[in-house]
Amino acid sequence: FARMFVQVCLYFYCKCLWRCLKFVVRKLTGQCELQRICYNTKPGAARTMKIEASLKGSKSKRLQTSVNVHPDAIEKTIDDIMELKRINPDINPQLGVSLQACLLQIVGYRNLIAEVEKLRREPYDSENPQHEEMLLKLWKCLKPNSPLKARISKQWCEIGFQGDDPKTDFRGMGLLGLYNLVYFAEWDTEIAQQVLSDSLHPKYREVTKKELSQLSKAEWEKKKFDKAIGYSFAIVGINITDLAYNLLVSGALKTHFYNVAPEAPTLTHFQQTFCYLMHEFHKFWIDEDPLDIMEFNRVREKFYKRILKQLQNPEMALCPHFAASESLINM
């Protein structure tokens, strides 16, 4: 109880001290916190995240709710902020422009989460012609020279689904998993086909002396050659969709989107980020050189932590130009 009491007192002391410090700085500089951020921080994640924190942490309810307005109400919201902060827009025209860009990103990120969540919650419906059309497009993009013999077919395993009917594999991520895979296959076709090809073909590897001493001759021969770069392409794509979804919902992707989307981030930005994560995970998987697919969760978790660490840098843009990595083609 004593420790909790001290923590509560310390919290309120720091909060009051911080507000007093802000008041003093405003009197000395003649600028409110929003002005200081916009004038002293370059555009991008660093500025937008500071503006977002400042608005959410304000004692004014009008400022707190400004990060949740409809995109069409942003201009009026900025007018309200300027009025509340007693800032003359004629003397500070750039402030309004900067605040508008930041609010578009903040509100857009929130709306993107809602859009992605809606897709994730929508199940794949084999009775829906649009769903079926997208699924068939995925096959055509990845296997243009191999016609699908039937809708229910073992051929689906060739692109990394688990059974004869892919619809059962979309349960975890719903339509979001299919949307991402189709986007990857359609817009980064060459890379997607290369990654799929790599995931299917065994790769020779050296067996260590320690492994050799623990294996029979038959096991050694199997280990020697049964080293697929090897994972199920479609299943991993759905899994990486889950990874991207968690990065988005946790707010970790704010750094990336606020740096690459000059206004509101869209579903296309999310899908392009998914493509980047697929590229990077493929390279990471090869570098990790796992013994078999049973190590997938370990490699995925390590990859996830690496991406999280990168996103802690406020200047980080995972894929600033959303271009496929040239290096994968020559691997």
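Start by selecting Asp289: at 42% relative accessibility it counts as partly exposed, the class between buried (under 20% relative accessible area) and exposed (over 50%), with a 1.4 Å probe and protein chains only. Asp289 sits in the loop between α14 (267–288) and α15. Its phi is near 50 degrees, a positive value in a residue other than glycine.

Before moving on, a word about the model. It is a predicted one, in which local features need pLDDT of at least 70 and side-chain atom pairs count only at pLDDT 80 or more, while totals for chains, interfaces and linings use all residues. Residues are numbered from 1 along each chain as its sequence is written, and side-chain values use heavy atoms, leaving out hydrogens and water.

**The whole chain**

Now zoom out and colour by secondary structure. The protein chain has 15 helices and zero strands; helices (H or I, at least four residues) and strands (E, at least two) are DSSP runs, numbered from the N terminus. Of its 331 residues, 44% count as buried. Among contacts with a separation of 6 or more, 68% join residues 24 or more positions apart, where contact means heavy atoms within 4.5 Å.

Select Arg86 next, in the loop between α5 and α6. Here too phi is positive in a residue other than glycine, near 55 degrees. Is Arg86 buried or exposed? With a relative accessible area of 77%, Arg86 is exposed.

Select residues 33–40 to bring up helix α2, which is mostly covered, with six of its eight residues buried. Those buried residues are Glu33, Leu34, Gln35, Arg36, Ile37 and Cys38.

The axes of α2 and α6 come within 10 Å and cross at roughly 85 degrees; axes are lines fitted to C-alpha atoms, for helices over the stretch in contact, and angles run from 0 to 180 degrees between N-to-C directions.

Show side chains to see who makes the contact: Leu34, Gln35, Cys38 and Tyr39 from α2, and Leu95, Ser98 and Leu99 from α6. By class, this contact has five nonpolar, two polar and no charged residues. Ala, Val, Leu, Ile, Met, Phe, Trp, Tyr, Cys and Pro count as nonpolar, Asp, Glu, Lys and Arg as charged, and the others, Gly among them, as polar.

**Helix α3**

Go on to helix α3 (residues 45–56). Its twelve residues should span 16 Å at 1.5 Å a residue, and its end C-alpha atoms are 16 Å apart, which agrees; the expected span is 1.5 Å times one less than the number of residues. Ala45, Arg47, Thr48, Ile51, Glu52, Ser54 and Leu55 are buried in α3. Which helices do the buried residues of α3 pack against? They pack against α2, α4 (61–64), α5 (74–84), α6 and α13 (254–260).

Asn313 counts as partly exposed, at 38% relative accessibility.

**Aromatic stops**

The structure holds 16 aromatic pairs. Rings of Phe, Tyr and Trp (its six-membered ring) pair if their centres lie within 6.5 Å; planes under 30 degrees apart count as stacked, over 60 as edge-to-face and the rest as tilted.

Select Trp139 and Trp156: their ring centres are 5.5 Å apart and their planes at 75 degrees, so this pair is edge-to-face. Trp139 is in helix α7 (residues 129–142) and Trp156 in the loop between α7 and α8 (174–187), 17 residues apart. Both Trp139 and Trp156 are buried.

For a stacked pair, pick Phe184 and Phe233, with 6.2 Å centre to centre and 15 degrees between the planes. Phe184 lies in α8 and Phe233 in α12 (residues 233–250), so the pair ties together parts 49 residues apart in sequence. Phe184 and Phe233 are both buried.

**Last stop: Gly177**

Stay in helix α8 and select Gly177. Gly177 is buried, with a relative accessible area of 0%. It touches Phe170 and Thr241, not counting residues up to four places away in sequence. Ile238 is 61 residues from Gly177 in sequence, yet their C-alpha atoms are 4.9 Å apart in space.
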